[in-house]
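Here are a few notes to read alongside the model. Have a look at it first, then work through the points below.

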Amino acid sequence: MKIRNIARKICVVITVTAVVMYYSGFGINTELCKAASAKKPLADQEYIVRTKSEAPLDKIRKNYSESNKINDNKRDFLEENNMISLELSQTELKELSVDDNIEFIEEDAIVEGSTQNNKIILNEKKPHKKQEKVNNKNRSEHEWNVQMINADKIKKNKLKKKIKIALLDSGVDAGNDISLAYSISLVSGEEEMTKMFMDGSGHGSSVAGLIAAEDNEEGITGINPNAEIYSIRVLDDANQAPLSRVIEGIYLAIEQKVNIINMSFGLNTYSKALEEAVEAAAAKGILIVAAAGNTGDKGVQYPAAYEEVLAVGSVDKQGEVAEHSAKGKEIEIVAPGELVRTTGFLGTEMVSSGTSLAAPQVAAVASLIWERDPGVPADFVRDLLKESANLYGEAESYGSGLVDAEYALGHYDEFKKNINSRGKNEQDLQIEENKEKITTFEDTGCVEGCWYQDDHEVMVPSSYFNVRYGARFPDTSRYGDYEHRIFARMSLNPWWHGYYKYTNYVKAVIYATRMGDAIYYYGKGNQSKASNPNYKNASDMLDDIKYMDNHSVWANELIRIKDINKNNEKAQAQKETVGFRRAFVWGMAIHAATDTYAHSVRYQGKLITHSTKVNGVERADSTEVCNNRYKDAQKIAKQIMERYINKQSLSVSDLILPQAPTDYQIFNLYKNVAEMDLNAAPRVSSYSYSSSSK
């Protein structure tokens with residue numbers, strides 16, 4: 001890193017607006033920092049720097065600090081496009097801005113998930129009077145949102161040719177009723193994050209569920225379960241990401257040759273770097289769908305506001321555009337997004353709202369259209385989506401109208417024929433205008449946190465935020481240096497990672513739950529009172545949990561949990577109780593149990609590891625290698641979760657599948673089980689638990 005000179009101490013506080021005003025294609029006005037006189041110095045900020053060629057990148061990397069917001073799994077695509085994310089003082093910013101090798105510099109701004117110079121879309125369609133088919137309650141097996149867009153009437157076929165949809169989001173939990181073709185995290189520090197609990201917030205899994213949740217009588221069924229999901233985690237646990245990580249994710253999606261990219265997040269300010277990435281994806285024939293944002297009358301956010309992107313707004317159960325849904329000329333289409341039921345944690349269901357939930361439904365319908373002929377261009381799919389939409393409101397709120405899967409597919413052949421014979425640029429509509437009745441609801445049964453089934457209210461257990469957090473905790477690296485991490489790395493801490501070497505992972509999982517129960521039963525700091533299942537590594541695990549006591553880890557992680565769950569009242573009210581600690585440790589036990597399916601599996605006669613290649617695919621935890629093991633791991637996680645919820649002790653039988661897998665083997669499973677004393681009763685068996693344990 002370059003030695004920074006004293007001039008940085010007098011730099012001005014530069015706002016994003018000021019930066020945008022001064023930036024040009026070849027640099028920045030040399031007067032940028034002249035107003036530094038009486039201002040307080042800024043801490044380093046993060047910027048995306050684009051050079052005119054590849055050559056200056058090495059020099060820049062040596063002289064300035066990289067921001068490291070993208071983990072070591074990737075960052076190649078930024079560099080391939082002559083971009084780098086740097087931490088710069090204002091002095092350094094000024095230095096680079098006058099460098100002739102620099103094409104542009106912009107703030108590495110933060111985008112946020114949309115759960116709650118512009119292009120102009122010419123709408124030849126004029127709104128017609130809304131016609132409704134009103135339902136008092138949703139008594140159908142299909143979700144209300146699926147009925148509203150007429151996707152329940154589409155026959156779902158298992159086709160050989162699948163449409164690939166990349167989700168740039170907070171990740172998708174492997175095995176959670178969604179079959180993943182690809183999964184990776186780009187979030188810093190998550191190089192080895194378990195695929196089982198990739199999604200730290202639930203945002204990405206909820207988006208994926210609406211598109212492709214399996215049709216298996218469990219949970220919801222996605223609009224197109226046949227779609228292939230490529231999960232690229234760019235949003236962190238707080239549903240935020242720097243632009244550099246999003247840009248890297250877009251180029252990664254291009255490399256994976258996906259058909260559709262869905263982005264359910266937004267940014268209020270224009271970014272040239274982001275626009276170039278979007279343009280590159282569009283040039284490769286990718287259809288880009290994005291949430292318009294929850295900004296109401298303040299306008300459509302980026303990336304949805306770019307011309308190449310299909311901007312999606314949100315409607316409620318009456319088919320009316322939500323008050324918070326972004327309005328503007330950029331809106332192209334709308335879909336249900338208010339109190340929509342979708343996939344939650346460990347096979348549970350959750351109810352959520354926002355344009356984040358509307359966008360993936362449009363992406364799913366687009367995939368249904370594209371399946372008819374994967375050879376048609378993205379513009380064909382985009383145009384058919386818009387022309388078949390039902391427009392019964394003003395274009396600045398509804399765009400071309402409410403997406404309609406049945407109408408689009410029913411008029412597919414007519415649209416294709418007319419496009420080919422009359423040309424895409426004809427002013428008249430290529431198909432008859434959609435004026436069908438909209439299916440609306442007085443009561444869908446969906447409210448925040450629960451839903452109705454058979455007229456009985458059922459609480460959806462999607463709020464076990466402490467368990468979810470604990471399940472991801474062993475893969476973090478915040479405690480201990482790289483070589484002596486307290487919890488991370490399977491070679492150093494095999495008991496937390498289901499690793500067959502050096503430990504009996506069956507005993508490790510059971511002992512972890514007993515420690516969690518002992519903490520609850522006997523109070524904080526009393527995890528040592530847990531009965532030991534004759535486990536040689538018990539002292540190692542006990543020392544790890546004691547470390548959490550001695551270093552205020554519990555309190556620090558609770559702060560992070562609240563930051564992640566800002567809109568969750570229960571999370572904000574959570575105290576550092578024994579119930580909280582029990583939930584956390586049971587989550588760590590779930591991690592240990594499910595990691596067995598990544599780190600102790602023999603596949604095609606070989607033990608697969610992080611460094612092993614199976615059929616040319618690297619890494620043992622890749623969802624591309626023997627995907628069935630993730631579904632099986634999910635079953636084990638659910639069995640453990642059931643014991644947690646019902647306040648029961650964990651047994652060996654909870655860690656064994658009803659039927660042995662046929663396409664892989666768990667290394668040392670029966671040896672580990674044989675070492676257990678199956679007749680030994682756990683010391684702590686039942687107690688009265690408060691709601692704070694969730």
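1. The protein has 21 helices and 27 strands, where helices (H or I, at least four residues) and strands (E, at least two) are DSSP runs numbered from the N terminus. This is a predicted model: local features need pLDDT of at least 70, side-chain atom pairs count only at pLDDT 80 or more, and totals for chains, interfaces and linings use all residues. Residues are numbered from 1 along each chain as its sequence is written, and side-chain values use heavy atoms, with hydrogens and water left out.

2. Now for the ring pairs. Rings of Phe, Tyr and Trp (its six-membered ring) pair if their centres lie within 6.5 Å; planes under 30 degrees apart are stacked, over 60 edge-to-face and the rest tilted. The count comes to 24 aromatic pairs. In one of them, the centres of Trp 554 and Phe 580 are 6.4 Å apart with planes at 75°, so the pair is edge-to-face. Trp 554 belongs to helix α17 (residues 553–564) and Phe 580 to helix α19 (residues 578–599), 26 residues apart.

3. Trp 554 also pairs with Phe 584: centres 5.6 Å apart, planes at 75°, so edge-to-face. Phe 584 lies in helix α19, so this pair ties together parts 30 residues apart in sequence. Both Trp 554 and Phe 584 are buried.

4. Ring pairs join Trp 554, Phe 580 and Phe 584 with Tyr 469, Phe 473, Phe 487 and Trp 496 into a cluster.

Methods
Buried < 20%, exposed > 50% of the residue type's maximum accessible area, 1.4 Å probe, protein only.
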